[in-house]
Amino acid sequence: MKRFNDELRAAGYWLWKVKDMDEAITWAKHCPNPMPGPSEIEIRPLYEAADLG
């Protein structure tokens, strides 16, 4: 079995349970940068069935 090369890894994700977007931004500021240069973190809300009515 061939293992993934860490240098070629391009994406990953975390799921955080937070009270609001401000708390999510606070968590994102503490994330390590996985790339050798500049990178971006995209924050998206995740909805549950109860949130949709």
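A surface patch, as the term is used here, is made of residues with over 30% relative accessible area and no salt bridge, with like charges joined within 9 Å and nonpolar side chains (Val, Leu, Ile, Met, Phe, Trp, Tyr) joined within 5 Å. The areas themselves come from the Shrake-Rupley method with a 1.4 Å probe, and for residues only the protein chains shown count as cover. In this structure, Met21, Ile25, Ile41 and Ile43 make a nonpolar surface patch of about 300 Å².

The model is predicted: local features need pLDDT of at least 70, side-chain atom pairs count only at pLDDT 80 or more, and totals for chains, interfaces and linings use all residues. Residues are numbered from 1 along each chain as its sequence is written, and side-chain values use heavy atoms, with hydrogens and water left out.

The overall fold may be considered next. The chain has one helix and zero strands; helices (H or I, at least four residues) and strands (E, at least two) are DSSP runs, numbered from the N terminus. Of the 53 residues of the chain, 6% count as buried, where buried means under 20% relative accessible area, exposed means over 50%, and partly exposed lies in between (1.4 Å probe, protein chains only). The chain has an accessible surface of about 6,000 Å², and carbon and sulfur atoms account for 56% of that surface.

Ile25 belongs to helix α1, whereas Ile43 is found in the segment after α1 (21-28). Ile25 has a relative accessibility of 34% and therefore counts as partly exposed. Ile43 is likewise classed as partly exposed, at 30% relative accessibility.

Ile25 and Glu42 are 17 residues apart along the chain, and their C-alpha atoms are separated by 9.9 Å. Glu42 is a partner of Arg44 in a salt bridge, in which the closest N and O atoms are 2.7 Å apart. The structure holds one salt bridge, the term denoting a side-chain nitrogen of Lys or Arg within 4 Å of a carboxyl oxygen of Asp or Glu. Side chains of opposite charge can pair when their charged atoms come close. Both partners are exposed: Arg44 has a relative accessible area of 63%, and Glu42 has one of 61%.

The aromatic residues form a further group. The structure holds two aromatic pairs. Trp14 and Trp16 form a stacked pair, with 6.1 Å from centre to centre and 15° between the planes. Rings of Phe, Tyr and Trp (its six-membered ring) pair if their centres lie within 6.5 Å; planes under 30 degrees apart count as stacked, over 60 as edge-to-face, and the rest as tilted. Trp14 counts as exposed at 52% relative accessibility, while Trp16 is partly exposed, with a relative accessible area of 31%. Together with Trp27, Trp14 and Trp16 form one aromatic cluster.

Lys17 lies in the segment before α1 and is exposed, with a relative accessible area of 81%. The C-alpha atoms of Lys17 and Leu46 are separated by 9.2 Å, the two residues being 29 residues apart along the chain. Gly12 is also found in the segment before α1, and at 66% relative accessibility Gly12 counts as exposed. Gly12 and Pro34 are 22 residues apart in sequence, with a C-alpha to C-alpha separation of 9.3 Å in space.
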